[in-house]
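Me: I'd like to learn how to read a fold from its coordinates. Could you walk me through it?

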Amino acid sequence: MLLSEREKLFSRTEKTVSIGITEGGVPRTVVHVPWESTAHAFNMRTPNVYLSPEDVADGEILAKLCTFRVIGCYIWVPLSEYSFLSAYTGLEDLYIEQGWSITNLDFLTPLTSCRMLFLEGASLKNLDTILAMRRANPGIFSCFRCLALHACRVEDLSAFREDHPPFSELLLFSPKGEEDASRWNIVSARTKRFFEYEK
């Protein structure tokens, strides 16, 4: 962790914090806004403090983070595992780039306050974890109201054939020719967009 970021974390007096994880813990000057709705964009919990991937396993840093309500986590580097996120039950906004090691979403189960999820690069059997959480937490403040999947592979969407709460936003980004957009017709969303891009 950079000394400047360590000082920010250990001198912080607010009750909440949002963290970013980058190579070397170097702060980013620009944060991508994936959401179409202005209200959702304003509700993003962009980082106040930056960590390196190694800091995720540092006992002192983790203990300090536990003194706050961690409301946002932005990850811009690939990690070998994401189970540490389960401890941040107050998360409202979760953004994961380069999530190539993600093959299931069990680590999301405790995150019932998380309204926005951006996920890149995961290879998933299904989205049943998210669907079950949305059914268990319905309403205007339901979890994972906004879902953006970038270059993710999801094998089975059949669970969405049953009645389910609509997403507020469902954004799908896929390399050209690698995803059949019509598969997603069974998933209800107030705003649904499918974007293809050249590799």
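Reply: Helices (H or I, at least four residues) and strands (E, at least two) are DSSP runs, numbered from the N terminus. The protein chain has 4 helices and 10 strands, in the order α-β-α-β-α-β-β-β-β-α-β-β-β-β from the N terminus on. This is a predicted model, where local features need pLDDT of at least 70 and side-chain atom pairs pLDDT 80 or more, while totals for chains, interfaces and linings use all residues. Residues are numbered from 1 along each chain as its sequence is written, and side-chain values use heavy atoms, without hydrogens and water.

Me: Why does the radius of gyration of the protein chain agree with a compact globule?

Reply: The radius is taken over C-alpha atoms, and the globule rule is 2.2 Å times the number of residues to the power 0.38. For 199 residues that rule gives near 16 Å, and the protein chain has 17 Å, so the two agree.

Me: How many residues are in the largest nonpolar core, and which touch the most other members?

Reply: In soluble globular proteins, nonpolar side chains tend to be buried together. A nonpolar core is a set of buried (under 20% relative accessible area, 1.4 Å probe, protein chains only) Ala, Val, Leu, Ile, Met, Phe, Trp, Tyr and Cys residues joined through side-chain atoms within 4.5 Å. Here the largest one has 50 residues, with Leu-85, Leu-94, Leu-108 and Leu-127 touching the most other members. A second, separate core of 12 residues includes Met-44, Tyr-50, Trp-76 and Met-116. Across the protein chain, 48% of the 199 residues count as buried.
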